Amino acid sequence: PPPERRTGWTVGDPDRPGAGSVLTDYEPPAPDADRPWLHLGLFAATFVSAVWCGGLLVGRTALWGPLSPDWPVELALLADPTFLRDGLMYAVPFLLFLTVHEFGHYTAARLLKTRVSLPYFIPIPLPGTLGTFGAVIRIREPLRRTRQLFDIGAAGPLAGFVVAVGVLVLAAVLQPPAEYLLGVVGHEDVVAFIQATGAFPAFDAGGMAPGTTALVFGDTPLFHLLNGLGELRISGDEITHYPLVLAGWLGLFFTALNLLPVGQLDGGHVVYSLFGPAVHRVVARVTTLLLLVSGTVGLALDLAWMAPWTLWAVVALIYALALARLLGPEYRLIGAGVAVGTALTAFVALALPGLAFRVEWTGWLFWVAMILFVIRVDHPPVLRAEPLTPGRKVLGWLCILIFLLCFSFQPIQFYGV
């Protein structure tokens, strides 16, 4: 029925409560009913998945007892005290970070009377994974005002960041002695080196023994600071064996990932609200292109064994697909961009190997694809633009600072011999 039949007021009536445009003075319908059992079920599945995958990641196999042949291996592992303890030490702080991050968004949305779902947790019970792909909430209506957009977008990373920092401080306080690593098979030499020098040995991919692998977590300004609070600065290749450090590191990583200033990521909301759509368009494109260059340099190094013409044809094709999505039907501009991008990648990979090995990460190609085809580069306009208050501006700049402190071009590197 027309508005006057539903409410008793006509749209143009100046005496109507909240009189004005029906697009900007929006009165949302009653909230959709939540399905708490679905959300609780997904959380429980994610928790079990994270405990199991966390125990495998920590990998103190030398301390695991014999597994019962009468149980499936997954249940037998979860019954082992050391495995269960390590898994819980990882899963509890990591899921606490994810939960606080998502409920930061949820609480801000509810305070602003915005229709929003409870968090959906995503379990991934596969060995070698984090046990979860994170959590998401669903905003069930367009965000119509700039301040509404900012408050909901910034609340999540700010809340989660506090937890991540707290976990890393706790990890420094509770850091075990070097002998802790004797629970990891093959770490006797590492423990002896720490006892002799008071520091972890520097990771050397060239010195790895045949048949071994290493998962190396990148350093960031903030992690470097917090990692130095304990008696030992844990090296990037050993972080996976320390569950609290691993959970805190992942908290900083996912905070930076969410604060990437593109599309409708949290960082995109912040930049759009703080500087407006024109600045967001430029910043989002520059960010996407920087990640694209990092990813293609990594790919060029990974595929150095290929015939040169094949390798650079693959790199050029990636640039063509990305720029076509980024620029639309600007074929001349796309052609020039492919040539410049491929040449830049070749120059960095071949002429500046020192720089290349510091900034390359093939994994950014996955995230660039997500940005271009799922998240989208541009931010949809709000229907009512309004300036941010001074307090919100301070929080916006704080979000940018947090991103710079938590971001690494090389977050996770895998080495195998």
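Analyst: First, a word on terms: helices here are DSSP runs of H or I at least four residues long, numbered from the N terminus. By that rule, tryptophan 52 falls in helix α2, which covers residues 36-58. Bear in mind throughout that this is a predicted model.

Now to your helix, α9, made up of residues 266-275. Nine of its ten residues are buried; "buried" means under 20% relative accessible area. The buried ones are Asp266, Gly267, Gly268, His269, Val270, Val271, Tyr272, Ser273 and Leu274.

What does the covering of those buried residues? The cover includes α4 (81-111), α5 (146-173), α8, α10 (277-302) and α15 (390-406).

Next is α4, another part of the cover on α9. Tyrosine 106 sits in α4. With a relative accessible area of 12%, tyrosine 106 counts as buried because the cut-off is under 20%. Leaving aside residues up to four places away in sequence, tyrosine 106 touches Asp34, Val116, Ser117, Leu118 and Ile137. For a sense of distance, tyrosine 106 and proline 387 are 281 residues apart along the chain, and their C-alpha atoms are separated by 23 Å.

Then there's α15, also among the helices covering α9. The structure holds zero disulfides. The sulfur of cysteine 399 has its closest cysteine sulfur in cysteine 406, and at 11 Å that is too far for a bond; a disulfide here would need the two sulfurs within 2.5 Å. Cysteine 406 is likewise in no disulfide, with the sulfur of cysteine 399 as its nearest cysteine sulfur. Cysteine 399 is buried at 3% relative accessibility, and cysteine 406 is buried with a relative accessible area of 3%.

Back to tryptophan 52 in α2. Its relative accessible area is 12%, so tryptophan 52 is buried. Apart from residues up to four places away in sequence, tryptophan 52 touches Glu74, Leu77, Leu78, Phe83, Pro125, Leu126 and Pro127. Tryptophan 52 and tyrosine 415 are 363 residues apart in sequence, and their C-alpha atoms are 23 Å apart in space.

Finally, the wider setting. The protein has 15 helices and four strands, and its C-alpha trace spans about 80 × 55 × 45 Å along the principal axes. Of its 417 residues, 46% count as buried. Among contacts between residues at least 6 apart in sequence, 73% join residues at least 24 apart. The accessible surface comes to about 20600 Å², with 69% of that belonging to carbon and sulfur atoms. As for charge, there are 24 positive and 28 negative charges, and their mean positions are 15 Å apart.

Definitions and conventions: Residues numbered from 1 in each chain as written. Predicted model: local features only at pLDDT ≥ 70, side-chain atom pairs only at ≥ 80, totals over all residues. Heavy atoms only, no water. Helix = DSSP H or I, 4+ residues; strand = E, 2+ residues; numbered from the N terminus. Buried < 20%, exposed > 50% of the residue type's maximum accessible area, 1.4 Å probe, protein only. Contact = heavy atoms within 4.5 Å. Areas by Shrake-Rupley, 256 points an atom, 1.4 Å probe, with all protein chains shown as cover. Lys, Arg positive; Asp, Glu negative; His and termini not counted. Charge placed at Lys NZ, Arg CZ, Asp CG, Glu CD.
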